[in-house]
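I opened this entry to keep track of what I looked up. The notes are kept in the order of reading.

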Amino acid sequence: MISIEILCAQIGGLRPEDVERWVVNRWVRADGEAGQYRFHDIDVARVRLIVELRDVMQVNEDALPVVLGLLDQLYALRRQMRRLGSALDETISEDARRSLAEKLAGRA
Amino acid sequence: MDDPYKVLGVAKDAKPEEIRQAYRKLAKQHHPDLNPDNKAAEEKFKSVSSAYELLSDAEKRARYDRGEIDASGAEKPQQRGYRHYADADRAARYGAGAQGAGWSGGSFEDLFGDVFRSRNAGSGGNARMRGADEHYSLTIDFLDSIRGATQRLTLPDGRTLDVKVPPGIEQGQIMRLRGQGGPGWNGGPAGDALIEIGIREHPYFRREGRNIRLELPVTLSEAVLGGRVTAPTPGGPVNVTIPAHSDTGTELRLRGRGMPGQGDQPAGDLHLTLKVVLGPPDPALEAFLRERKAEPGFDPRGALMEAA
């Protein structure tokens, strides 16, 4: 975990007040209280993505929550799909697995 | 690496602002965090980023234009993207809505259906799709398994299916009822119902392939003197001749009285194993045995004693 100063040093064009605002908005979910935020790897990657969305893709801050909300839904679904996949993997027979695969490939 | 001007789709004399615009446009399209699992987008984004890295730096761009450096000089180490973390389970930190990444049972059907529909759409638009096969099990009586029977099966959704069990079906055999499974999508045909057959044991009959085995009790006099008795078979009672000098364990075979014939398979046999049963006390028999002088020299436990 890293502090907000180190985070801003790692990512070009990032100011501490931006990050603080994003944490208050819950776009970034840091650990700790204001003034002592700690950032996990996932938070750092998320901040980097937000910076790219803002600076490179020119998504302004009004539109950012829409983009982040959709992304969070996308990744939540992907995690669910993964869990579903591994649950199926652990519970169904080889035959069922094969017919499932065929069905998904549109062959059955 | 490819020509960075081509990668960004700009002219050799493009102004810095044009290069920035081109990069922004391509980044929006191919950013890998917005296209997880899309290898092509990831590769494209990488080359777009390196091209921009090179051309956005006036000094590097000039050296590239003079041929002093090649395009790969601009590559920089890739950081792990957000997708890398967001795909892991601990990313529930950024779950959508209040319940995070929890798997709520209610959404299961919705998600499942959508997933299948969208996968299908990916492979051919609004394609018709066959319904899923559904699995059931049905347990029938032994005699029904021999003779065949029609059994009513009530499905979880309240539908009933009349299952015509053919004669001679075996334990664990699966019957396929075409079109009785899950409904198809977009007018596709319904799936099949697959019914696994279980067979309850019979108190007396046992099945061995196409033959049936039965232990047949006989009286002492039927065994000693022989005679005609009636024996049950799956096809109804039949008369059996017990030969004289039979004993417990004597086997008789009734040809064609086992499994009924099917197609080119001939009917099986009924194997009877006799079992002598003395029945209630018989004073006359007792008197005879007591007065009998010369017992034949026979030891029924001889083999037993030798083996021990």
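The entries below go from the chains to their sheets, helices and single residues.

**Ground rules.** I am reading a predicted model, in which local features need pLDDT of at least 70, side-chain atom pairs count only at pLDDT 80 or more, and totals for chains, interfaces and linings use all residues. Residues are numbered from 1 along each chain as its sequence is written, while chains are lettered from A and ligands numbered from 1 in the order in which they are written.

**Chain A.** I looked up the secondary structure and found five helices and zero strands. Helices and strands here are DSSP runs numbered from the N terminus, a helix (H or I) having at least four residues and a strand (E) at least two. Read from the N terminus, the elements of chain A go α-α-α-α-α.

I then checked confidence, given as pLDDT, the predictor's score for each residue from 0 to 100. The average for chain A is 87, and 98% of the residues score at least 70. Where is confidence in chain A lowest, and where highest? The lowest mean, 80, belongs to helix H5 (residues 94-104) of chain A, and the highest, 92, to helix H2 (residues 16-24) of chain A.

Next came burial. A residue is buried if 20 or more other C-beta atoms lie within 10 Å of its own, exposed if 12 or fewer, and partly exposed in between, with C-beta atoms placed from the backbone. Chain A has 108 residues, of which 24% count as buried.

For contacts, two residues qualify if their C-beta atoms, placed from the backbone, lie within 7 Å. I noted that 43% of the contacts in chain A between residues at least 6 apart in sequence join residues at least 24 apart.

**Chain B.** The count here is 10 helices and 11 strands. Of the 308 residues in chain B, 19% are buried. Of its contacts between residues at least 6 apart in sequence, 52% join residues at least 24 apart.

Two strands pair if DSSP finds at least two bridges between them. One open sheet of chain B has three strands in the order S1-S5-S4, with mixed pairing. Strand S1 (134-140) and strand S4 (174-177) of chain B are at the edges with a single partner strand each, so one side of each has no neighbour in the sheet. S1(B) and strand S5 (residues 193-199) of chain B run parallel, joined by seven bridges. I looked up one partner: B:Ser137 is bridged to B:Glu196 in S5(B).

I stopped at B:Arg176, which is in strand S4 of chain B. Is B:Arg176 buried or exposed? B:Arg176 counts as exposed because it has 11 C-beta neighbours inside 10 Å. Apart from neighbours within four places in sequence, B:Arg176 is in contact with B:Asp192 and B:Leu194.

**Four-stranded sheet.** A further open sheet of chain B has the order S6-S7-S11-S10, again with mixed pairing. Its edge strands, strand S6 (206-208) and strand S10 (251-254) of chain B, each pair on one side only. S10(B) and strand S11 (residues 270-276) of chain B run antiparallel, with four bridges between them. B:Leu254 stands opposite B:Leu270 in S11(B).

**Hairpin.** Strand S2 (residues 149-154) and strand S3 (residues 160-165) of chain B run antiparallel and are joined by six bridges. B:Leu153 stands opposite B:Leu161 in S3(B). Five residues lie between the strands of this hairpin, where B:Gly158 takes a positive phi near 95°.

**Helix H3 of chain B.** The buried residues of H3(B) include B:Phe45, B:Val48 and B:Tyr52. Among the elements covering the buried residues of H3(B) are helix H1 (4-8), helix H2 (16-30) and helix H4 (58-65) of chain B.

Most residues other than glycine have a negative phi. A:Arg26 has a positive phi, near 70°, and is found in the loop between H2 and helix H3 (41-56) of chain A. A:Arg26 is exposed because 10 other C-beta atoms lie within 10 Å. B:His245 has a positive phi near 65° and lies in the loop between strand S9 (238-242) and S10 of chain B. B:His245 is exposed, with 10 other C-beta atoms within 10 Å.
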